[in-house]
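Take a look at the fold below. We will go from its strands to the whole chain, and then to its charged pairs.

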Amino acid sequence: MVVKILSAATIGLDVFRIEVEVDITNSLPQISIIGLGDTAISEAKERLKLAIKNSGHAFPQTKVVINLAPADLKKEGAAYDLAMATGILTKEGIIKEEPKDTAFIGELSLDGTIKPIYGVLPIVFGLKNLGIKKVIIPYENLKEASFADNIEILGAKNLNEIITHLNDNAPLDTIKQEINDFINCDKEYPVDFKHIKGQKFAKRALEIAAAGAHNLLMQGSPGSGKTLLAKAFPSILPPLSKEEAIEITKIYSIAGLLDHSNPLIDKRPIRAPHHSASSVGIIGGGSNPKPGEITLAHRGVLFLDEMPEFPRTVLEVLRQPLEDREVTISRAQMSIKYPANFILLGAMNPCPCGFLGDKRNVCKCSDFQINRYRARLSGPLLDRIDIHVDVPRLEDDELLDDTNTGETSSEIRKRVAEARKIQLERYKNEGIYTNSELNPKLIKKYCKLTAEVKDLLKNAAKSFNLSARGYDRILKISRTIADLDKKPDIEPKHIAQALQFRGYAGV
């Protein structure tokens, strides 16, 4: 009789049920693994032999056939080792009964110990959704998997622990942790807004960007404080919710970036790739498509310093994810979707030398050089960035001012968190979290305009040649400013501020 052991495969963040079928035939001793596995699965033959032998058990001296079903689904990695070994031990009678409704995940070492793997958290959540009641995983992955509810999660250190557990019902290690115990709302950050001198307009822009999850581009001379402001930006972002923390941790688990000793991503990620990054590095991809920087920045910040220095092709691939909040990676045999709902925070100089409009230094760039430099950021990309703000060089008096009277990040973060709560309550039935995610239908529903506001918008659209997307973004920013002011309706002053933060001054 064929032994069937449950396991799981991941493609992107999706989890699929895998049945590891094991049978033994009268033939020359060998192992045959079928079912569209990769090289790591083919190499499992030697790991299985030695892991079982070094655990004190005899390996079958005949042909062992292992099928990973469904056979048309590509499988990758060494996470099937434990299920295959359990199937062989059950077929040989070392494990007395075939385990039912239990999945096995883990890589085997040659001495029979079970090594940790990537992607355990999404696998456990996926198995729970597939109706699996119990899962046995490597002991070192136990902390990571312990945040899943309504599924029994057991950690094993070696094969003999599993044999004893299945035959004699010996207990295996288990851990249960609460996510709220890991999320600290009062974290210390390396850069606080109170340490940044001046730049009140830029600080206000960053507060609005944090409150509504709006994209923002800063422009200013070298040394004006753009990078410092960007480093301080995470300190005013609202704390993660339970659902967001799980969502981000799943992504980092799949990417292999999770620390087993610190199993939960408990603060919003900030990713700052170098301008030499490739399109695949930013978007994600590879033969087995992995998350890129925009997915690793999900629910957090993607900071592009010296933005025009990035290759034009790299910047242009951001256009679709900025609009759709997800990225689809297509290959010949598969198409994978990853979430990419991030705040794009960019910084750039006004010209190649950096001193155009500077009060102290004279710009040496020609008009041609300036236009070519700015053309690296295309119009469609700039139109997707909600807030545009100039960061001027500080005056001497501001630099020498040691009174340190600026607001702390904690004070700003409280206002941001209150604005986010308003948005969460408003959009609880719409499937979105923030104002930046509003589509045209929802803008019409939640951005009610008075006659006075409509007249102001009409004049602005005529004066500044606003595109349809630009018009919508003005309304989104205005809605966020109104939320920060705790106003139920958008007022003319909110529209006026939004126009300034879109780079349209003098209204």
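Two strands count as paired if DSSP finds at least two bridges between them. Helices (H or I, at least four residues) and strands (E, at least two) are DSSP runs, numbered from the N terminus. This is a predicted model, in which local features need pLDDT of at least 70, side-chain atom pairs count only at pLDDT 80 or more, and totals for chains, interfaces and linings use all residues. Residues are numbered from 1 along each chain as its sequence is written, and side-chain values use heavy atoms, with hydrogens and water left out.

Start with the sheet. Strands of a sheet pair through backbone hydrogen bonds, either parallel or antiparallel. Here five strands form an open sheet, in the order 11-14-17-10-18, with parallel pairing. Strand 11 (270-271) and strand 18 stand at the edges. Each has a single partner strand, so one side of each is left without a neighbour in the sheet.

Now follow the pairings. Strand 10 (residues 216-219) runs parallel to strand 17, and four bridges join them. Q219 has M348 of strand 17 as its bridge partner. Four bridges also join strand 10 to strand 18, again in parallel. There, L217 stands opposite H388 in strand 18. Strand 11 pairs with strand 14 (residues 301-304) in the parallel sense, over two bridges. R271 has L302 in strand 14 as its bridge partner.

Step back to the whole chain. Its secondary structure comes to 21 helices and 18 strands. The C-alpha trace spans about 85 × 45 × 45 Å along its principal axes. Of the 507 residues, 51% are buried. Buried means under 20% relative accessible area, exposed over 50%, and partly exposed in between (1.4 Å probe, protein chains only). A contact means heavy atoms within 4.5 Å. Among contacts with a separation of 6 or more, 73% come from residues 24 or more positions apart.

Next come the charges. Lys and Arg count as positive, Asp and Glu as negative; His and the chain ends are not counted. Each charge is placed at NZ of Lys, CZ of Arg, CG of Asp or CD of Glu. The chain has 69 positive and 66 negative charges, and their mean positions are 4 Å apart.

Side chains of opposite charge can pair when their charged atoms come close. A salt bridge is a side-chain nitrogen of Lys or Arg within 4 Å of a carboxyl oxygen of Asp or Glu. The whole structure holds 27 salt bridges.

Which residue forms a salt bridge with D358? The partner is R393, with the closest N and O atoms 3.0 Å apart. This pair links distant parts of the chain, 35 residues apart. D358 lies in the loop between strand 17 (343-348) and helix 14 (367-374). R393 lies in the loop between strand 18 (387-390) and helix 16 (396-400). D358 counts as buried, at 13% relative accessibility, while R393 is partly exposed at 25%.

D386 and R473 form another salt bridge, with the closest N and O atoms 2.5 Å apart. These two are 87 residues apart in the chain. D386 sits in the loop between helix 15 (379-383) and strand 18, and R473 in helix 20 (residues 468-484). Both residues are buried. They also belong to a network of salt bridges that links E323, D383, R384, D386, R469 and R473.

Finally, K428 forms a salt bridge with E425, the closest N and O atoms being 2.9 Å apart. K428 counts as exposed, at 55% relative accessibility. E425 is partly exposed, at 49%.
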